[in-house]
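Let's take a friendly walk through this model, starting with its strands, moving on to a helix and ending at a cavity.

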Amino acid sequence: MLGSGGLEVSAEGLGCMGMSEFYGPTDEAEAIATIHRALELGVDLLDTADMYGPFANERLVGRAIAGRRERVVVATKFGNERRDDGSWVGINGRPEYVRSACEASLARLGVDHLDLYYQHRVDKTVAIEETVGAMADLVAAGKVRYLGLSEASPATIRRAHAVHPISALQTEYSLWSRDPEQGVLPVVRELGIGFVAYSPLGRGFLAGRFRGPDDLTAPGDFRTRHPRFQGDNLARNLEQLRRLEELAADKGVTPAQLALAWVLHRGADVVPIPGTKRRRYLEDNVAAAAITLDDAELARLDEALPPGATSGARYADMGTIDV
């Protein structure tokens, strides 16, 4: 359950961003097949955003769910405003933009309502009460069922929730990004808000797919700009990965499955949304839901990858993150 308003989703969701942008070459046919396979496996939470593509990812998801709408919890986002040519405008939380962005997302997705609508990033020039007030109007109009925030601070979450119930808070959370444990997780649990963990595999790093710069040469792969994938940071982070791989081998699972199982053990209110654009990775990820970790195994993971041990910031520019 995400929040207290009745929004029920699968134990894992599917992040769709990489199907259209940011992680190298894309294959629309395989992406749609991956979404269809997710639905077959019981994964019903599909996560997209208007800025992915830009706009292409919502259209792709819309094509994939045509004729399957009743089986899907559609989650999308607004706030990172981009132009058709891909250029960036900025973060926009103005009420009039909230309304126009929602209408555009509905059209691209080919649906008459959104199940979960997030503010993608907090606009620090607009009072959160104004933005969430406009989002609440969309609920009243039947265009949106539940509201969410992404990368919002505890103070912002409290102010937003006072305007209209927030069902989900989405932020990065994994064995190498444990910041939410210090402030966000306690607040959302106090308020009865669900927690959606994006990048639960550290943008693929915790799956063991990247060992050095030569593994990040695909055109358009934005991980090359992330501090954690660069120079000395990468070298230090690879030491953590090796420890994760040793524990995964002892368990008889893949490093990705162990990392996902760890997130799934953080609480019934925590829903990871690992992103993938291939069926084979999707099937591996879904299998993690069946992995049980006892207290001793969780303690070994904490020892191997303790909070704060990851080297490098989450983004090259953390200025858009509300803290």
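Helices (H or I, at least four residues) and strands (E, at least two) are DSSP runs numbered from the N terminus.

Please keep in mind that this is a predicted model, in which local features need pLDDT of at least 70 and side-chain atom pairs count only at pLDDT 80 or more, while totals for chains, interfaces and linings use all residues. Residues are numbered from 1 along each chain as its sequence is written, and side-chain values use heavy atoms, leaving out hydrogens and water.

Now to strand β7: six of its seven residues are buried, so β7 too is largely enclosed by the rest of the structure.

| Strand pair | Sense and bridges | A bridge in the pair |
|---|---|---|
| β2 (residues 45-47) and β3 | parallel, three bridges | Leu46 with Val74 of β3 |
| β6 and β7 | parallel, five bridges | Tyr118 with Gly148 of β7 |

Next comes helix α4 (residues 128-140). Its 13 residues should span 18 Å at 1.5 Å a residue, and its end C-alpha atoms are 18 Å apart, which agrees; the expected span is 1.5 Å times one less than the number of residues. Which residues of α4 are buried? They are Ile128, Thr131, Val132, Ala134, Met135, Ala136 and Leu138. These buried residues pack against the strands β3 (73-78), β6 (114-119), β7 (144-150) and β8 (166-172), and against the helices α3 (95-109) and α5 (154-163), where contact means heavy atoms within 4.5 Å. After α4 comes Gly142, with a positive phi near 80°.

Finally, the structure holds one cavity of 30 Å³ or more. A cavity here is a set of points on a 1 Å grid over the protein atoms alone where a 1.4 Å probe fits but cannot get out, and lining residues have an atom within 4 Å of a point. The largest cavity has about 40 Å³ of space, a volume being the space filled by probe spheres set on the points. Its lining is made up of Glu12, Gly13, Leu14, Val43, Pro274, Leu282, Asn285 and Val286. Helix α9 (residues 279-287) gives the largest share of that lining, three residues.

Key: On a 1 Å grid over the protein atoms alone, a cavity is a set of points where a 1.4 Å probe fits but cannot get out, and a pocket is an open set with protein on both sides within 12 Å along at least five of seven lines; lining residues have an atom within 4 Å of a point. Buried means under 20% relative accessible area, exposed over 50%, partly exposed in between (1.4 Å probe, protein chains only). Two strands pair if DSSP finds at least two bridges between them.
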